[in-house]
Amino acid sequence: ALLSEHRTFYDSMDLALADLDSTRTNKRYYPLGGRTYHFLGDHRTQRNWGASNTSFVERDESLKLQGFDDYASVVNVEQPGGATRLMAKRDYRDLMPLVKYAKNPKHKKIQELLARDRTVQTTLDARLQVVVGNAVRDTLLRRGVESASVVVLDAQSGELRAMVNYPWPDESVPGQMSGEILLDRARYGTYPPGSTFKIVTAMAALDKNPALIEKTYLCRRLESGRVGNQVEGWGRPVRCFATTPHGDVGLSEALVYSCNAYFAQLAVDGLGGNALLSMASRFGIDVASPNTPETLRDALHQASFGQGQVLATPLEMARVAATVSNGGVVPPTTWIADSGTGERRGTRVLEESQNDVIARAMRNVVIRGTARSGGFGMTVSGKTGTAEVANGASHSWFIGFGAPASGVGEVAVSVIVEHGGAGSGAATRVGHAVFEACQEVLGQPVVADTQDD
C-alpha cells in the first residue's frame with residue numbers, strides 16, 4: 001500500500017518499482033536498491049551484519065523499529081557430547097499480551113503494544129541520494145574510474161543528507177558482492193587526505209598564533225628542476241606539484257595554489273606537532289601511528305599536507321568543510337533525525353575572524369586556484385587534494401561548501417575518487433556533479449560571482 005501511495009515519487013526519480021504483488025510476502029523491499037545498502041543494511045540477508053565497520057540503521061535502530069526489546073544476548077549452550085556453542089538468546093516477554101489475550105485482539109494491553117511508535121526518521125534525503133548517486137556513477141563511467149565515495153552534510157546542523165559509496169552492491173551482478181563493495185567507504189574507509197588536510201593545518205596555525213597569517217615561506221626552483229624547498233631537519237626537499245615556483249607565499253595564497261613547501265615549513269617552524277595533533281583530533285583524524293606528538297615529530301612536514309601517516313574518512317573531511325562554512329564551529333554529525341530530546345550544539349575550534357581567512361581562500365581556490373577547472377556554476381568554495389599511495393595512481397580529493405539556492409542553507413561536500421589521479425581532475429569533476437545534483441533537488445541555481453575575493 002505504501003509503495004502504491006508513493007509510486008509517483010519513485011517514478012520522478014526513474015526508479016522502476018518491482019511488482020507490488022511481491023511485497024505481500026514477508027520479505028522486505030528496498031526501492032532505492034544498493035544506493036542505500038551502506039546506510040540501511042539489508043535485513044533480508046543480514047550480510048555484513050556483525051561487522052564493526054558498519055552503521056546500518058536497520059540493525060542499530062532495531063529495537064525502535066520492532067517496537068519491543070527482546071533483550072538479545074549471546075550464551076554458551078551445551079551440545080550433545082559435552083561441547084559448547086555460542087548461540088543467541090532472546091527474551092520475548094514484551095510480546096506476552098499477544099499470547100495471553102489472543103482471543104481478544106481489542107484488549108488494552110494488545111492495543112498498547114500495537115500503538116508503540118516504531119518510526120525511525122533519518123536525515124537522508126531520498127531524492128538527493130538517488131540524484132547524487134546517479135551523478136557520481138555517470139561521472140566515473142565517463143572517466144573510466146571504478147570507485148568513489150561522496151558525503152553531503154547540512155553544513156550548519158551536521159545532518160547527513162546523502163552518502164554514496166560507488167560501486168554499490170548489486171545482487172544481479174554475479175560475484176559482485178565482494179568485501180570491497182560492501183565497505184562503507186564514506187564513514188569507515190580511511191585514506192591519506194592529501195592537500196585537503198591543509199585546511200586543518202591552517203586552522204591549527206591560526207588557532208595557535210593568528211600572527212602566522214603574515215608569515216611567508218619561500219617556494220623556489222630546485223636543482224632537480226622541480227618546485228619546492230628544503231625543510232629544516234629533513235634530508236630531501238619537499239616538492240610541489242606546480243610547474244612554476246610560488247615565491248614568497250603566505251597562508252592564503254598557499255591554500256589557493258596548494259603549496260606543499262609552504263605548509264611543510266609552516267609546520268616545522270611555526271606550528272609544531274602538539275598544535276596539529278590537537279586540531280586534527282577535533283575531527284577524529286589520526287596524523288600518526290600511534291597518534292602522539294612523539295611519533296608525529298619525524299613526519300611533521302609530510303603530515304602538514306596530508307601525507308605520511310595521516311588518515312581520514314570522507315565523512316571527517318566533510319566535517320572539516322562544514323566547519324569552515326559554519327564560521328569555525330564543528331557541527332554535530334548525525335543521520336538519525338532529532339527526536340526532540342534537546343538541541344545539539346557544535347564545538348568551536350576557530351574564531352570566526354580567523355575562519356574567514358580560510359573561507360575566503362577556499363573561495364579563491366575555485367575562482368583562480370587548483371579547482372578553477374571544475375566549472376562550478378554556483379558559488380562554491382573548496383579545496384583539492386592529491387593523495388599519493390604506493391599501490392597505483394594517487395587518490396583524488398575535493399572538499400567544499402556552497403548554498404544550492406537563495407535562502408537555502410549551505411551544504412558541505414566531500415569527494416574521494418580512488419586512484420583518480422590529481423585532485424583538480426577526477427574529484428573536482430565529481431564535486432561539480434554533486435553540487436549540480438544539490439541544486440536540482442534543493443533549489444534553483446545561484447549565479448556565481450567571478451570576482452576575486
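**Chat: loops, an open sheet and its cysteines**

Me: Is histidine 419 buried, exposed or partly exposed?
Reply: Histidine 419 counts as partly exposed, at 34% relative accessibility. Bear in mind that this is a predicted model.

Me: Where does histidine 419 lie?
Reply: In the loop between strand S13 (411-417) and helix H19 (426-442).

Me: What is its phi?
Reply: Histidine 419 has a positive phi of about 55°, although it is not a glycine. Most residues other than glycine have a negative phi.

Me: What about asparagine 48, what phi does that have?
Reply: Asparagine 48 has a positive phi too, about 65°, and it is not a glycine. It is found in the loop between helix H3 (37-40) and helix H4 (57-60). Its relative accessible area is 29%, so asparagine 48 is partly exposed.

Me: New topic. How many disulfides are there?
Reply: The structure holds 0 disulfides.

Me: Is cysteine 240 buried or exposed?
Reply: Buried, with a relative accessible area of 2%. Cysteine 438 is buried as well, at 0%.

Me: What is the bridge partner of valine 227 in S7?
Reply: Cysteine 240. Strands S6 (residues 227-229) and S7 run antiparallel and are joined by 3 bridges.

Me: What order do the strands of that sheet take?
Reply: S7-S6-S5-S8, an open sheet of 4 strands with antiparallel pairing. S7 (238-240) and S8 (247-249) stand at the edges. Each has a single partner strand, so one side of each lacks a neighbour in the sheet. Ignoring direction, neighbouring strands are turned by 35° against each other on average.

Me: Which helix lies across those strands?
Reply: H13 lies across S5, S6, S7 and S8, running at about 140° to S5.

Me: What do the buried residues of H14 pack against?
Reply: They pack against H13 (260-271), and also against H11 (198-208), H15 (293-297) and H16 (300-303). Among the buried residues of H14 are Leu276, Leu277 and Met279.

Me: Last one. Is the peptide bond from serine 289 to proline 290 cis or trans?
Reply: Cis, with omega near -5°. Proline 290 is in the loop between H14 and H15. The bond from tyrosine 166 to proline 167 is also cis, with omega near 5°. Proline 167 lies in the loop between S4 (160-166) and H9 (179-182).

Terms used
Residues numbered from 1 in each chain as written. Predicted model: local features only at pLDDT ≥ 70, side-chain atom pairs only at ≥ 80, totals over all residues. Heavy atoms only, no water. Disulfide = S-S within 2.5 Å. Buried < 20%, exposed > 50% of the residue type's maximum accessible area, 1.4 Å probe, protein only. Helix = DSSP H or I, 4+ residues; strand = E, 2+ residues; numbered from the N terminus. Contact = heavy atoms within 4.5 Å. Pairing = 2+ DSSP bridges. Axes fitted to C-alpha atoms, helices over the stretch in contact; angles between N-to-C directions.
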